[in-house]
Amino acid sequence: MNSSYVFGSTQYHIELERLRAIENPFDPASRCLLTAAGIAANSNCLESGVGADSIPRWLSNVVFPSGRITAVDLDRRFLHNL
């Protein structure tokens, strides 16, 4: 973990709660924008700043089994669910 990441030293459950709070109001608009951009089955996607993983999980339902998602984040604590 990069020690310069501002939320890098937060406790796991507190950081997860913070990230989920961000996802709730913003994910619907993100999904609309991604759909409008043409994300569909067979798409190859790069998700940068994964957070608590809600968008990559949503993407997996859209693009799999023939598409692909690459997910990156400075804080990798929540990537194990992907």
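Does Glu23 count as buried or exposed, and at what relative accessibility? Please take in its surroundings too.

A: Glu23 counts as buried because its relative accessibility is 9%; buried means under 20% relative accessible area, exposed over 50%, and partly exposed in between, with a 1.4 Å probe and protein chains only. Bear in mind that this is a predicted model, where local features need pLDDT of at least 70 and side-chain atom pairs count only at pLDDT 80 or more, while totals for chains, interfaces and linings use all residues. Residues are numbered from 1 along each chain as its sequence is written, and side-chain values use heavy atoms, leaving out hydrogens and water.

Glu23 sits in helix H1, which covers residues 12-36. Helices here are DSSP runs of H or I with at least four residues, strands are runs of E with at least two, and both are numbered from the N terminus. The side chain of Glu23 has a polar contact with the side chain of Arg20, at 2.9 Å. Such a contact is a pair of N or O atoms within 3.5 Å; within protein, one must be able to donate a hydrogen and the other to accept it, and residues adjacent in sequence count only if both atoms are side-chain atoms. A bit of helix geometry is handy here: an α-helix has 3.6 residues a turn, so residues three or four places apart point the same way.

Once you set aside neighbours within four places in sequence, Glu23 is in contact (heavy atoms within 4.5 Å) with Pro28, Ala52, Asp53 and Ser54. Asp53 deserves a stop. Asp53 is in the loop between S1 and H2 and counts as buried because its relative accessible area is 1%. The phi of Asp53 is near 85 degrees, a positive value in a residue other than glycine. For background, most residues other than glycine have a negative phi, and most peptide bonds are trans.

Asn42 has a positive phi as well, about 80 degrees, and is not a glycine either. Asn42 lies in the loop between H1 and S1 and, at 53% relative accessibility, counts as exposed. As for the peptide bonds, a cis one joins Phe64 and Pro65, with omega about 10 degrees; Pro65 is in the loop between H2 and S2.

H1 gives the largest share, six residues. By class, the lining has seven nonpolar, five polar and four charged residues. Here Ala, Val, Leu, Ile, Met, Phe, Trp, Tyr, Cys and Pro count as nonpolar, Asp, Glu, Lys and Arg as charged, and the others, Gly among them, as polar.

Let's follow H2 onwards. Its buried residues are Ser54, Ile55, Pro56, Leu59, Ser60 and Val63, and what covers them includes H1, S1 and strand S2 (68-72). The largest nonpolar core is made of five residues: Cys45, Ile55, Leu59, Val63 and Ile69. H2 supplies the largest share of this core, three residues. A nonpolar core is a set of buried Ala, Val, Leu, Ile, Met, Phe, Trp, Tyr and Cys residues joined through side-chain atoms within 4.5 Å. Not counting residues up to four places away in sequence, Cys45 touches Ile39, Leu59, Val63, Arg68, Ile69 and Thr70.

Zooming out, the elements run α-β-α-β from the N terminus on, and buried residues make up 28% of the 82 residues in the chain.
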